[in-house]
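Trainee: I would like to learn how to read a protein model one feature at a time, and I hope you will give me the general idea before each case. Could we begin once it is on the screen?

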Amino acid sequence: KQTDAEKWVKSVCRYCGTGCGVLIGVKDGKVIAVKGDPDNEGNKGLLCAKGYYLPQVITHSERVTKPLIRKNGKLEPGTWDEAMKLITSKFKESIEKNGPDSVAFYGSGQQLAEEGYVANKLFKGAIGTNNIDGNPRLCMASAVGGFTTTFGADEPMGCLEDFEHADVFFIIGSNIAEAHPVLFARLTDKKKKDPETKIIIADPRRHRSHEIADISLQFIPGTDMALLHAMAYVIVAEGMADEEFIAKHTSFSDGKEAINFENYKEFLKEFTPEKAEKVTGLTADQIREVARLFGEKGKNTMSMWTMGINQRVAGVWANNLIHNLHLITGKICKPGSTPFSLTGQPSACGSVRETGALSHLLPGHRVIANEKHRKEIAELWGVPADRISPQVGLHTMELFKACGDGRVKCLYVMCTNPAHSLPNVNAYREGFEKVFMVVAEVFHPTATTKYADVVLPAAFWCEKEGVYGNTDRRTQHLAKAINPPGEAKPDLDILLDLARRLGYGDLFPFKTPEDVWNEYLKCTTGTHMELATYPALRDAHGIQWPLKGHQGSKGAVRRYVAPEDPYVKEGIDFYSAKDHRAVIFARPYLGPAEVVDKEYPYYLTTGRILEHWHTLTMTGKCPTLMRAVPKQYVELNPQDATELGIKEGDMVRLVSRRGKVELPTKVGKPGEPRPGLLFALWFEPDPLVNAVTIDAVDAASKEPEFKICAVKIEKV
Ligand code: SF4
């Protein structure tokens with residue numbers, strides 16, 4: 001009972017990128033309750049079911065409490081010293097024999113910022129390989145690509161407070177009701193208070209978010225670029241463009257070279273609503289109506305998107321086109337007017353994008369490809385300038401391929417479950433089997449620990465101190481509430497131990513997470529991504545960067561605009577973009593990697609449900625959530641079900657060019673999903689939906705196209 005708590009510890013929810021502030025109730029050294037933090041701007045005290053039921057997860061019997069070491073093919077309990085000695089010798093041997101690029105690290109948008117920073121420094125700065133990537137490559141890499149190509153710097157300019165100011169919400173490729181439930185509550189609240197608020201939901205699948213939509217657009221999967229260009233066409237053709245804003249703050253590009261507004265108008269003629277109607281399956285009238293709502297002068301429009309846009313081979317380009325709509329209308333950097341990407345994981349922003357823990361990045365939004373950036377970071381890290389390789393490391397899909405073909409011989413996996421979450425996962429089995437794999441995990445077994453040579457028992461979220469960076473540039477401190485069970489340790493302590501054993505102790509003198517943060521802060525000084533100090537973060541309920549001189553109690557609520565952004569003197573200034581101008585892109589239309597045909601006549605898309613998180617390693621330990629949704633299923637349109645002779649509950653087999661999976665069916669209401677589209681949950685390790693999904697990647701972001709592949713469906 002909440003009233004039994006001896007103390008309440010301020011923290012952040014372990015699950016999604018909303019980053020709801022939580023208070024952890026502790027009694028006798030145990031977590032007895034979790035409640036929303038009423039002082040947190042993100043959630044104002046509200047939580048969804050996943051957050052409330054976190055206590056049920058902590059004490060589950062599958063917690064790993066001792067290191068496990070593979071002996072004669074079986075994982076057996078061992079000592080920390082034995083485990084770490086083995087890991088050190090394997091990594092050292094591989095580096096000496098095969099060079100630094102023969103080892104790799106695969107992290108997570110759920111790790112703490114300090115953990116991401118130390119892993120990055122260990123692999124890039126000490127060992128000298130850029131083979132460090134993480135699961136944000138599977139979810140947010142295209143949003144990163146969109147922000148950096150349009151604005152010259154990653155992460156959104158808007159904030160959660162914009163919900164209260166927007167008149168129109170344009171939500172595309174996001175089931176916000178289930179993937180970000182507390183933000184959906186904020187949306188419904190706004191609509192209740194101001195019924196004139198218009199909500200547009202654009203998604204091939206009708207889902208819970210559509211319940212409050214004024215307009216639902218169920219376009220053909222993979223045709224989002226045509227819809228977005230056509231909306232731009234209507235906005236420009238009907239005089240809704242903000243020409244003054246365009247002239248002052250933007251430039252134009254066709255992706256290869258600079259063009260001008262006239263060229264852009266000419267380009268858009270290929271995307272009249274009538275032409276887009278044929279591609280998208282929407283009517284020209286629907287497209288006009290939505291464009292007019294988006295572009296209406298004097299109204300504020302907020303766009304939101306997530307995996308439906310990012311997990312595409314056209315992910316970066318589709319992100320660019322959403323930004324286009326805001327730039328041509330000038331609906332940006334104002335309360336209620338902003339493009340706003342919804343981050344999937346709690347700290348994909350803070351722990352991976354900001355710390356630079358991807359194979360092409362360095363801390364403080366720097367990039368490997370930039371010599372000046374490499375030199376700056378090498379100096380801050382105290383390593384020779386040439387220690388950081390100019391060669392971009394292996395991105396996620398390439399990394400797991402390299403485990404199979406022998407390029408990577410030793411892999412350290414932290415806080416994630418790739419043997420379940422990769423697309424077309426069976427093609428990567430050989431890699432999991434061959435590579436010497438260390439998995440630092442809270443629970444065992446998982447799909448990935450089953451392949452591990454060593455499993456290291458990691459402390460869970462409430463058993464360690466650290467920092468998360470959530471969806472709206474909000475950095476938040478998580479205090480330690482209880483001790484970890486048995487011999488489990490914080491990931492940070494494990495990484496520091498490994499660094500010392502590998503002989504890099506001088507570079508890692510840190511004793512506490514705050515020591516790590518203090519060094520990391522130096523990497524953000526003067527970068528337009530300056531973060532807050534540890535004491536300030538401990539006191540606050542989230543602080544939004546950029547700060548100047550690491551000062552600020554609340555931070556920069558909105559970016560690129562005075563007076564909120566300390567780097568802007570007056571008005572709006574896209575200071576990270578070339579010539580301070582955000583780029584409006586005339587990107588050519590690009591459809592999905594795989595289209596339906598006679599043999600594989602259905603599109604398959606996958607997604608989350610409110611009750612479960614990713615691969616079930618946490619919510620699967622929560623009896624209440626398991627009772628609510630015990631099994632995954634494939635949902636099909638009632639018209640398709642009738643034609644196929646399939647009834648609710650029938651078992652079906654989905655077959656793609658890559659594999660097959662058997663699932664029970666759920667027959668949706670009309671439009672759930674649109675005819676010709678199947679929707680599958682993917683949280684169970686068996687049956688494994690990712691046996692079927694496609695691993696084609698976006699050329700720029702290297703993010704796979706989880707959201708679209710072609711399948712056939714057979715009754716079992
Ligand atoms: Fe946690 Fe996200 Fe739910 Fe908030 S909305 S309680 S962050 S899962």
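Trainee: Does Asn-130 count as buried or exposed, and how many C-beta neighbours does it have inside 10 Å?

Mentor: A residue is called buried if 20 or more other C-beta atoms lie within 10 Å of its own, exposed if 12 or fewer do, and partly exposed in between, with the C-beta atoms placed from the backbone. Asn-130 has 25 such neighbours, which means that it counts as buried. Please keep in mind that this is a predicted model, where local features need pLDDT of at least 70 and side-chain atom pairs count only at pLDDT 80 or more, while totals for chains, interfaces and linings use all residues. Residues are numbered from 1 along each chain as its sequence is written.

Trainee: Where in the chain is the place of Asn-130, and which residues does it touch?

Mentor: Helices (H or I, at least four residues) and strands (E, at least two) are DSSP runs, numbered from the N terminus. Asn-130 sits in the loop between helix 4 (113-127) and strand 7 (132-134). Two residues are in contact if their C-beta atoms, placed from the backbone, lie within 7 Å. Setting aside residues up to four places away in sequence, Asn-130 touches Lys-124, Ser-359, Ile-368, Ser-389, Gln-391, Val-392 and Gly-393.

Trainee: How many residues are in the largest nonpolar core, and which of them touch the most other members?

Mentor: In soluble globular proteins, nonpolar side chains tend to be buried together. A nonpolar core is a set of buried Ala, Val, Leu, Ile, Met, Phe, Trp, Tyr and Cys residues joined through C-beta atoms within 7 Å. Here the largest core has 193 residues, and those touching the most other members are Phe-169, Ile-200, Leu-227, Met-231, Leu-411, Met-437 and Val-438. Helix 8 (residues 224-237) gives the most to this core, namely 11 residues. There is also a second, separate core of 29 residues, which includes Val-634, Val-661, Leu-678 and Ala-680.

Trainee: How should I check the span of a helix, for instance helix 14?

Mentor: The expected span is 1.5 Å times one less than the number of residues. Helix 14 (residues 315-329) has 15 residues and should therefore span 21 Å, and its end C-alpha atoms are 22 Å apart, which agrees. Helix 14 is mostly covered, as 15 of its 15 residues are buried, and it is followed by Gly-330, whose phi is positive, near 70°.

Trainee: Which residues of helix 17 are buried, and what do they pack against?

Mentor: An α-helix has 3.6 residues a turn, so residues three or four places apart point the same way. In helix 17 (residues 396-405), the buried residues are Thr-396, Met-397, Leu-399, Phe-400, Ala-402 and Cys-403. They pack against elements including strand 6 (103-107), strand 17 (410-414) and helix 18 (418-421).

Trainee: How many residues surround the ligand, and why does it lie between two domains?

Mentor: A residue is near a molecule if its C-beta atom, placed from the backbone, lies within 6 Å of it. The ligand is surrounded by 14 residues, of which the closest are Cys-13, Cys-16, Cys-20, Cys-48 and Gly-51. Domain bounds come from an automatic or database domain assignment. Domain 1 (2-58) and domain 3 (141-342 + 579-585) both give residues to the shell around the ligand, so the ligand lies between them.
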